[in-house]
Amino acid sequence: MLSGLNHLTLAVTDLNRSVSFYHELLQLKLDATWDQGAYLSLPGLWLCLSLDPSRSTTPAVDYTHYAFTAAADEFAALVARLRDAKVQEWRDNRSEGASFYFLDPDGHKLEAHVGNLASRLQACRAKPYAGMQFYP
């Protein structure tokens, strides 16, 4: 039986650049590094960066992305820090809760989001998506 997300591994083309991005800019805790990778973390998240020269840095055209929780009172400062670092934005927010959609140096689609599943469901109950059904 599954009990949660164990870890997320992202293929990267420049390990030092990616460690800097995730540790210094996004402020994830740096737990370990080695020649071909790094482990970083946030409460509830184990992130592995794995050096993979075959990784394309062109962002995928689909909507797949990885969202990080951001505190409402720190959201504006986070967005300002990312924009000051010239991080590329890939989408405007179209849903409940404040969100900032941006790319990492290898084109992985990321999001900083204020809110959680409960707040999203509350907003959806007030204004459901087409064909939306809710379950107990």
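The model is predicted, so local features need pLDDT of at least 70, side-chain atom pairs count only at pLDDT 80 or more, and totals for chains, interfaces and linings use all residues. Residues are numbered from 1 along each chain as its sequence is written, and side-chain values use heavy atoms, without hydrogens and water.

Start with helix H2, residues 75–84. Helices (H or I, at least four residues) and strands (E, at least two) are DSSP runs, numbered from the N terminus. Phe-75, Leu-78, Val-79 and Leu-82 are the buried residues of H2. Buried means under 20% relative accessible area, exposed over 50%, and partly exposed in between (1.4 Å probe, protein chains only). Seen down the axis of H2, the buried residues fall within an arc of 95°, so they line one face of the helix. That arc is taken from the directions from the helix axis to the C-beta atoms. On the other side of H2, Ala-76, Ala-77 and Asp-84 are exposed.

Now the strands. S2 (residues 29–34) and S3 (residues 37–42) run antiparallel, joined by five bridges. Two strands pair if DSSP finds at least two bridges between them. Trp-34 has Gly-37 in S3 as its bridge partner. A hairpin through two residues links S2 to S3. S3 also pairs with S4, antiparallel, over six bridges. There, Leu-40 has Leu-47 as its partner in S4.

Last, His-65. His-65 sits in the loop between strands S4 (45–51) and S5 (66–69). Its side chain makes a polar contact with the side chain of Glu-111, at 2.8 Å. A polar contact is a pair of N or O atoms within 3.5 Å; within protein, one must be able to donate a hydrogen and the other to accept it, and residues adjacent in sequence count only if both atoms are side-chain atoms.
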